[in-house]
Amino acid sequence: MEQLSIFTMSDETSAAAAFAPLADRMRPQNLEDYIGQQHLLGKGKILRQMLEKDMIPSMIFWGPPGVGKTTLARIIANRTKSGFVNFSAVTSGIKEIKDIMKQAEENRSYGGRTLCFVDEIHRFNKAQQDAFLPYVEKGSITLIGATTENPSFEINAALLSRCKVFVLKELNAQDLTAMLAHALRDPRGFGGSTVRMEDDLLTCVAAFANGDARTALNTLEMAVLNGEISPDGSITVTRQTLEQCLGKKTFLYDKNGEEHYNLISALHKSMRNSDPDAAVYWLARMLEAGEDPLFIARRLIRFASEDIGLADNQALQIAVAAYQACHFNGMPECNLNLTQAVVYLSLAPRSNAVYRAYETAKTDAKNQLAEPVPLNIRNAVTPLMEQLHYGEGYTYAHDTEEKIAKMTCLPENLKDRRYYLPGSAGEEKTWKARLEESRAFRLGES
């Protein structure tokens, strides 16, 4: 258990700070320097208001690694003038918890407040979590737990019910790039040296970090420490140096720029052209450049209906399964899940009949919005509706031998329109035969 003083915050010595990792040296000390989480800390937002009013409840910070959960807890402790105790769920036992709780209660009797921060609180077992409960209930401590796991499943219901849950989001690339540029200028970082590093390389580091500030700063530190030192003492970080630190080639890739759309277009059209080799290449280009795998998975789901449809009913299921796998596994493990889906979709039989059906129907829906619903397929839920012939002529399809009623369900002006026009690829030839049989029976042509 790391414990900085129980009831007072102590600064690290200058010597120790000099050898601390960049991520620790650059840790924000106040809200003004804190990056991200504007949905909680922006002007007028709930957590910001609690801080300004100094009314901090026990709470759980739920979010991915490196988004500032520990840092925010320290800032809150400083701002509320509370003693700060940092527990580790890996090394702290019930005895250590009870000892600190006893001291916290003594401090409370003198008007002091204690903020207990528990990192990875989901790793505490039930007995350890229960040890906090009476002290949270009495207000002896303000508990802040941090977890990367869903607190609904990992934290005891009794303790969770007494805590406010705040969801912290991963940092965006713009925030990380700005943070990295600040680290190069700030005296706590590399401000005491002259470091030359092009902006696009900072962008690459931010993309590589995938929302994790700690990863971004650690990567920057490695790149600078391995940079080329000039005779004047300045340091230059080249693309080659950064590639060695990342262990892979860096790509100039803006997730919100033109190249983002160029690459997803290349992936989509390669699959459409039944070219799995090209499709897998474009997939790798995007993933290795830091693209969100869930974005790609969503596009695969769209592709399954737009370009395959009923020609292969498994296509949509496989695309959805790939999305779920990306959600469960994350990068880099989900790269193979996406590759499997991309290869399957590339080789599946083709049909855009579903896409064309909707686009044609959409045009009619927009241009003929006043088309009334035929009376025979309206529900007559009141006597007046019955008098107006709602539902008259309706036949319940299940009451027929063929399970099809001889009636039309389109408005009168559109009764001859055909939207779904299947081809003969894959399974769609079966659906085509079924559709032709159904249409002929409904229209009395058989």
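Buried means under 20% relative accessible area, exposed means over 50%, and partly exposed lies in between, with a 1.4 Å probe and protein chains only. By that rule Arg-417 is partly exposed, at 34% relative accessibility.

Some conventions before I go on. This is a predicted model, in which local features need pLDDT of at least 70 and side-chain atom pairs count only at pLDDT 80 or more, while totals for chains, interfaces and linings use all residues. Residues are numbered from 1 along each chain as its sequence is written, and side-chain values use heavy atoms, with hydrogens and water left out.

Back to Arg-417. Its side chain meets that of Asp-364 in a salt bridge, at 2.9 Å from N to O. A salt bridge here is a side-chain nitrogen of Lys or Arg within 4 Å of a carboxyl oxygen of Asp or Glu. Arg-417 sits in the loop between helices H20 (383-387) and H21 (428-442), and Asp-364 is in helix H19 (residues 353-367), so the pair ties together parts 53 residues apart in sequence. Helices (H or I, at least four residues) and strands (E, at least two) are DSSP runs, numbered from the N terminus. Asp-364 is buried, at 9% relative accessible area.

How many salt bridges does a search of the whole structure find? The search gives 16. One of them joins Arg-113 to Asp-54, at 3.0 Å from N to O. Arg-113 lies in the loop between helix H6 (94-109) and S3, and Asp-54 in the loop between helix H4 (46-52) and strand S1 (59-62), so this pair ties together parts 59 residues apart in sequence. Arg-113 is partly exposed at 38%, and Asp-54 is partly exposed at 33%.

Now strand S3, residues 114-119. Five of its six residues are buried, so S3 is largely enclosed by the rest of the structure. Two strands count as paired if DSSP finds at least two bridges between them. Strand S2 (residues 83-88) runs parallel to S3, with six bridges joining them, and Val-85 has Cys-116 as its bridge partner in S3. Strand S4 (residues 142-147) also pairs with S3 in the parallel sense, over five bridges; there Val-118 has Gly-145 as its partner. From S3 the chain crosses through helix H7 (residues 126-138) to S4 in a right-handed β-α-β crossover, meaning that, with the strands pointing away from the viewer, the path from the first strand over the helix to the second runs clockwise.

Last, an open sheet of three strands, with order S6-S8-S7 and mixed pairing. S6 (195-197) and S7 (228-229) stand at the edges with a single partner strand each, so one side of each has no neighbour in the sheet.
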